[in-house]
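Here is a quick look at charge pairs and ligand surroundings. Have the 3D view open while you read.

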Amino acid sequence: MLVKRKPAIWNRLYFVEIIQGLWITFKNFLFHKKVTIQFPEQRRDYSSRYRGQHYIKSVNNVENCTACMLCPTVCPASCIHIIAGEREDKEKYPVKFDIDILRCCFCGMCEEACPKDAIKLSNIYEMSQQNREVYEKDFLLEQRGNK
Amino acid sequence: MPKCTIDGKEVEFKPGENLITVAKRAGVDIPVFCYHPGLTVVAQCRMCYVEVEKMPKLQTACSTNAAEGMVVKTNSENVKKGRAGTMEFLLLNHPLDCPICDKSGECDLQDNSYGHGSAYMRHSEERRTYVDVDMGPVIEKNMNRCIHCTRCIRFGDEIAGIREMVAVKRGNNVDITTIDGEALKTEYAGNYADICPTGSLTLRDFRFRKRAWMLKKTASICEGCSKGCNIELQHEGNVVYRTIPRENLEVNKYWMCDEGRFNYHYTQDETRVLEPRWNNEKTSWEDSILAVKTALEGKKVLFLVGTDLTLEEMSAIREFTGLYYPGSVLQHFGTPGIETSAQDQPADKILKMTSKTSNLRGAEKLGIVPHNPRVDHDFSAAVVFTGGRAVLPELGHAIQVGVGVFLDKDHQTAKYQHILPGLAYTEKDGTIINHQGKEQKLKRAILPRGRSKSTAEILMLLANKKTKVGVA
Ligand code: SF4
Ligand code: SF4
Ligand code: SF4
Ligand code: SF4
Ligand code: FES
């Protein structure tokens with residue numbers, strides 16, 4: 001049921017609200033520390049557990065990955081694509097290892113599932129690109145972290 | 001029927017059944033390694049321990065037959081301890097290979113270790129390692145993973161009819177290998193990979209191509225011969241990766257031959273015709289259908305159906321020829337030399353039949369007569385329907401239209417003026433009648449490749465009056 005109310009002139013002017021709002025603006029402008037930083041000159045410290053750009057760990061230039069496909073199995077975004085093969089020095093290795101990074105949600109499950117300590121999420125968070133790139137094996141094998 | 005009690009449940013059994021079979025009927029799964037329903041019982045792995053009342057020690061369920069009034073416990077503390085002990089022994093020498101092992105995901109050792117073993121390992125000695133023998137093109141051997149269940153030895157001996165695998169040396173040094181390290185000779189070698197409960201014997205054909213858990217499974221029928229083995233097509237992303245046998249005690253039991261197992265490859269051959277062709281040039285469906293209709297008009301047409309087609313396809317073709325090409329001849333072809341079911345005999349003592357196509361009985365049931373290449377026919381055009389498995393007949397000079405699966409390989413396509421691409425057995429549903437007269441169902445596993453169409457659809461296009469003859 002509609003209730004008829006008397007129009008309150010005082011409320012309609014919003015006078016108090018305007019004053020209150022302006023007061024908050026001035027208070028923050030004059031007396032508070034700034035929250036923004038001057039990126040890229042200034043940078044924040046991220047936690048060492050931060051999940052950023054992927055890489056595949058390698059030891060003596062041999063990738064740790066054995067193409068067991070646990071990471072594509074666990075990946076909720078289905079963005080890891082591996083083709084396995086065999087070579088002289090390694091029974092099973094990834095011939096192709098692609099991460100469709102635009103689909104990735106940086107959950108870090110791949111890192112958690114990996115039995116070989118191969119796939120890692122580094123601390124790097126600057127990942128903007130001009131094209132829709134897929135991370136390929138060569139790129140992933142650049143060691144960009146020490147996790 | 002006599003009764004026994006398993007985990008508190010009363011179960012009926014036939015005398016002579018072992019406790020594993022009886023327990024399964026009661027819904028109780030007993031873990032096994034060496035026991036396989038299709039092989040003799042050896043009670044070698046000691047995984048299937050159960051406790052039987054009034055017997056002082058644990059019993060192996062595979063070698064203990066059920067008896068009237070027997071009271072069996074499959075989950076008592078004693079049993080659990082026994083199984084854990086067996087698991088620990090089996091894993092003493094087992095490598096941590098699961099990430100690179102093709103069995104992983106369908107491995108009995110993994111499953112039983114997870115279910116009945118311990119997550120910790122007490123020993124720290126070095127594990128034994130082997131140099132593996134080359135077992136030929138079908139099977140890859142990795143002896144490090146073997147648990148000496150001897151299923152493979154028994155399979156060769158009892159099913160494949162050739163004793164080619166043996167255990168040499170003793171105790172910790174035992175080596176399960178082929179006699180003199182030779183390659184496997186049996187034509188049923190793929191089954192070694194199926195029955196091995198570990199990744200010790202795996203298929204070379206499937207090696208590292210996919211992980212077992214990624215594959216989707218479709219129950220279907222093999223089209224390799226008139227036996228009609230029950231199979232499972234395992235596929236992912238519209239690609240078939242392997243075929244494994246399905247249990248059917250009336251037809252193939254638990255097995256299938258290598259020819260049938262690897263038969264699916266041709267359906268994914270790079271040279272398979274996937275677009276309509278006209279004089280070996282790609283064309284559109286509209287143009288080809290018109291051209292075929294023009295070519296057949298007013299001619300005496302010989303229609304040939306491959307006995308690799310399904311019953312549904314054959315009867316559609318029969319109906320079509322009767323309605324639209326009255327006076328034409330309809331015959332079947334398939335395996336050279338095997339024209340009637342009387343000629344179709346077992347090719348060996350195991351599964352294979354001499355008819356290398358699956359549906360000879362189906363063609364006969366529909367009253368289609370065999371094509372005799374030795375008799376001269378007075379026809380001026382021939383239309384050949386094939387599923388890809390039947391051996392294409394020599395037809396000489398006449399205008400030839402091919403409908404179905406053709407490969408550029410082996411010069412199959414050269415003689416055909418028109419080719420209308422059809423579906424392979426992995427891509428269609430249908431019925432097949434095997435050598436026993438059993439009707440079995442093909443199931444579509446993957447979607448049609450390229451621009452191929454089903455036989456029914458092609459017949460409909462050919463029958464459609466609106467596609468006018470002579471107007472391009
Ligand atoms: S971080 Fe998550 S979404 Fe990204 S690749 Fe790994 S598992 Fe997939
Ligand atoms: S989980 Fe690790 S070892 Fe396995 S495929 Fe992924 S990166 Fe490679
Ligand atoms: S045989 Fe089974 S347990 Fe052994 S490595 Fe292979 S998958 Fe793992
Ligand atoms: S190779 Fe496989 S089937 Fe043969 S004994 Fe070893 S584990 Fe058993
Ligand atoms: S299954 Fe009974 S001892 Fe192996």
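## Salt bridges and ligand shells

Let's start in chain B: Lys409(B) and Asp269(B) make a salt bridge, with their closest N and O atoms 2.8 Å apart. That pair ties together distant parts of the chain, 140 residues apart. Lys409(B) is in the loop between β19 (399–404) and β20 (418–421) of chain B, while Asp269(B) is in the loop between α6 and β13 (277–278) of chain B. Keep in mind that this is a predicted model.

How accessible are the two partners? Lys409(B) comes out as partly exposed, at 39% relative accessibility. Asp269(B) has 18%, so it counts as buried, the cut-off being under 20%.

Still in chain B, Arg261(B) pairs up with Asp194(B) in a salt bridge whose closest N and O atoms are 2.8 Å apart. Here too the link is between distant parts of the chain: Arg261(B) belongs to helix α6 (residues 258–261) of chain B and Asp194(B) to helix α5 (residues 190–195) of chain B, 67 residues apart.

Over in chain A, Asp89(A) has a salt bridge to Arg87(A), and the closest N and O atoms are 2.7 Å apart. Asp89(A) is exposed, with a relative accessible area of 53%, and Arg87(A) is partly exposed at 26%.

| Salt bridge | Closest N and O atoms |
|---|---|
| Lys409(B) and Asp269(B) | 2.8 Å |
| Arg261(B) and Asp194(B) | 2.8 Å |
| Asp89(A) and Arg87(A) | 2.7 Å |

How many salt bridges does the structure hold over all chains? The count is 38. Some share partners: Glu187(B), Glu259(B), Lys352(B), Lys356(B) and Arg389(B) are joined that way into one network.

Now for the ligands. Ligand 3 sits in the second largest pocket. Which residues surround ligand 3? They are His94(B), Asp97(B), Cys98(B), Cys101(B), Lys103(B), Ser104(B), Cys107(B), Gln110(B), Thr198(B) and Gly199(B). By type, that shell splits into three nonpolar, five polar and two charged residues.

Ligand 2 has 13 residues around it, and the closest are Cys65(A), Cys68(A), Met69(A), Cys71(A) and Cys114(A). How does the shell around ligand 2 divide by residue type? There are 11 nonpolar residues, one polar and one charged.

Technical notes
Residues are numbered from 1 along each chain as its sequence is written. Chains are lettered from A and ligands numbered from 1 in the order in which they are written. This is a predicted model: local features need pLDDT of at least 70, side-chain atom pairs count only at pLDDT 80 or more; totals for chains, interfaces and linings use all residues. Side-chain values use heavy atoms; hydrogens and water are left out. A residue is near a molecule or strand if one of its heavy atoms lies within 4 Å of it. On a 1 Å grid over the protein atoms alone, a cavity is a set of points where a 1.4 Å probe fits but cannot get out, and a pocket is an open set with protein on both sides within 12 Å along at least five of seven lines; lining residues have an atom within 4 Å of a point. A molecule sits in a cavity or pocket if more than half of its atoms lie within 2 Å of its grid points. Ala, Val, Leu, Ile, Met, Phe, Trp, Tyr, Cys and Pro count as nonpolar, Asp, Glu, Lys and Arg as charged, and the others, Gly among them, as polar. A salt bridge is a side-chain nitrogen of Lys or Arg within 4 Å of a carboxyl oxygen of Asp or Glu. Buried means under 20% relative accessible area, exposed over 50%, partly exposed in between (1.4 Å probe, protein chains only). Helices (H or I, at least four residues) and strands (E, at least two) are DSSP runs, numbered from the N terminus.
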